[in-house]
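Here is a briefing on one chain.

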Amino acid sequence: MDTQTKTNDNDINDEDMDDIFGDTEGSYELDNKVSLRVYYDQYFPFDLIYEWLSINSLFGHGEASQIRFFERREFSSRITKMDGTTFVTRNRSFSKLDDIKDYLKGRNPNNNSIDVAERLDIGPIYSCEPIKKSMVTDYTPLYKEIVFDIDINDYNDIRVCCSDTSLCMKCWGFLAVAAKFVEMYMKECFGFEQLLYVFSGRRGLHVWVSDQRALSLSSEARANIIKYVKYERTSVLLPILQRGFDELFLPYFEQHVLEEQDIFGNAAQYKNFLSKLPLEVRVGKKTIIHPLDQIKEKMLEIKDQATSLEKWRAISDYFKQNNLMEYVYDIVFHYTLPRFDDKVTNHIIHLLKSPFCIHPSTGKLCVPIDLKDIDQFNPTKVPLLNSILSTPKVSFNPYRASFKNYIEQMKLKSQQQISINDPTSF
Ligand SMILES: [Zn+2]
């Protein structure tokens, strides 16, 4: 394997990183590097990550095919040297779990602060082992989980509880409702069942869809998955958007967004809200109405007597009475529809941080989240690197156990899917 302390052909500079990484900020202090090395040595669940990434091997059944599948997976990491310069190692691949561990810990065990990897990023499966890239003429990405990246800073225009990359339980709700919609969408429209939700450690949520059928989708098909649920003004919704609206988006908007993001109380928020309303609309052959002015008037009338929900209901009733449901959809979807980072999903070569990394800026563990607990998940109470090392029973073991359980379920589902596809295989 190539040295990790020098940039080579496979490595890239800091400036190029934004194109292939979702999140490139932050760097470790010296003390943390020592702790990080201990974390990789004693806790990071290499065995589970291996299972998770290779169970659905497309190279046949059994252990040998799993190993071959895993060997062709690209890994990447980032290292900050003592002089502060950062570089990224790309196109790394491994045959043995111990090799990844050594790679992450760095090659200088006696000088334990120099080249420990700050993160581990996962790329696609290539046509050959990524470490042999320079030895072949055809190096092509073949397979990859479908991934979704949803960052809270893409919601900055509609939230008042936090700004920039900060994330509290209130704005976590935007990501939670996005996750629930992804689950509904992937299961009902595509029949996918193996979805993993991971807190990215600072500002976002990652979703990994690992079903075997998902792995071989083309970039075009991935782009279409996102395009299909982009909302464009219409009075008749796609069935999946209608279900999302009825069961997820409207309830979340009415029960949380209106109050928690102070839509009617905060001047900037109210101005933004009003900007979603049309100035005039033709209804029928000769009638033109002026929704913005009429709604503004109505709001002044009920200003202090009505709750946020009552104000909103008055507005949605106004549109419904005029047969203009599309404007109700406009507003609700503006505040609730997932804001995907499209390029992360569309480009198969894009890298995404591995579950169980420690986020370089926050020191938080990138924890998998059970969808049934996602509303209660508190991103401000996620275990930190130091708490994992001092109290692993509380801060780490439950997350490992939960991930292990997820993988057991995944194995069962994979076996069922293989049985359905190939009745002779079991
Ligand atoms: Zn917040």
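Helices α6 and α9 pack with their axes 11 Å apart, at an angle of about 175 degrees. That makes α6 roughly antiparallel to α9 (the label for angles over 145 degrees; under 35 is roughly parallel, 65 to 115 roughly perpendicular, the rest oblique). The model is predicted: local features need pLDDT of at least 70, side-chain atom pairs count only at pLDDT 80 or more, and totals for chains, interfaces and linings use all residues. Residue numbers start from 1 along each chain as its sequence is written.

- Axes are lines fitted to C-alpha atoms, for helices over the stretch in contact, and angles run from 0 to 180 degrees between N-to-C directions.
- Helices (DSSP H or I, at least four residues) and strands (E, at least two) are numbered from the N terminus.
- From α6, the contact takes Lys170, Gly173, Val177, Lys180, Phe181, Met184, Tyr185, Glu188 and Cys189. From α9 come Ile240, Arg243, Gly244, Leu248, Phe249, Tyr252, His256 and Glu260.
- Two residues are in contact if their C-beta atoms, placed from the backbone, lie within 7 Å.
- By class, this contact of α6 with α9 holds nine nonpolar, three polar and five charged residues. Nonpolar covers Ala, Val, Leu, Ile, Met, Phe, Trp, Tyr, Cys and Pro; charged covers Asp, Glu, Lys and Arg; the others, Gly among them, are polar.

**Helix α9 against helix α13**

- Helix α9 (residues 239–260) also meets helix α13 (residues 325–336): their axes come within 10 Å and cross at roughly 75 degrees.
- α9 and α13 are therefore roughly perpendicular to each other.
- On the α9 side are Phe245, Phe249, Leu250, Tyr252, Phe253 and Val257. They meet Tyr329, Val332, Phe333, Tyr335 and Thr336 of α13.
- The contact of α9 with α13 has ten nonpolar residues, one polar and no charged.

**The largest nonpolar core**

- The largest nonpolar core has 98 residues. Such a core is a set of buried Ala, Val, Leu, Ile, Met, Phe, Trp, Tyr and Cys residues joined through C-beta atoms within 7 Å.
- Leu175, Ala178, Ala179, Tyr197 and Val207 touch the most other members.
- Helix α6 (residues 169–190) gives the most to this core, with twelve residues.
- Domain 1 (14–151 + 341–425) and domain 2 (234–337) both give residues to the core, so it lies between them. The domain bounds come from an automatic or database domain assignment.
- Tyr197 touches Ala179, Leu205, Val207, Pro368, Ile369, Leu371 and Ile374, leaving aside residues up to four places away in sequence.

**Single residues**

- Thr89 is found in strand β2 (residues 86–92). It is buried, with 24 other C-beta atoms within 10 Å. (Buried means 20 or more such atoms, exposed 12 or fewer, partly exposed in between; C-beta atoms are placed from the backbone.)
- The C-alpha atoms of Thr89 and Ala117 are separated by 9.4 Å, although the two are 28 residues apart along the chain.
- Asn91 also lies in strand β2. Its phi is near 55 degrees, a positive value in a residue other than glycine. Asn91 is buried, with 22 other C-beta atoms within 10 Å.
- Asn323 has a positive phi too, about 60 degrees. Asn323 sits in the loop between α12 (308–321) and α13. It is exposed, with 10 other C-beta atoms within 10 Å.

**Chain totals**

- The chain has 17 helices and eleven strands.
- Of its 426 residues, 39% count as buried.
- Among contacts between residues at least 6 apart in sequence, 67% join residues at least 24 apart.
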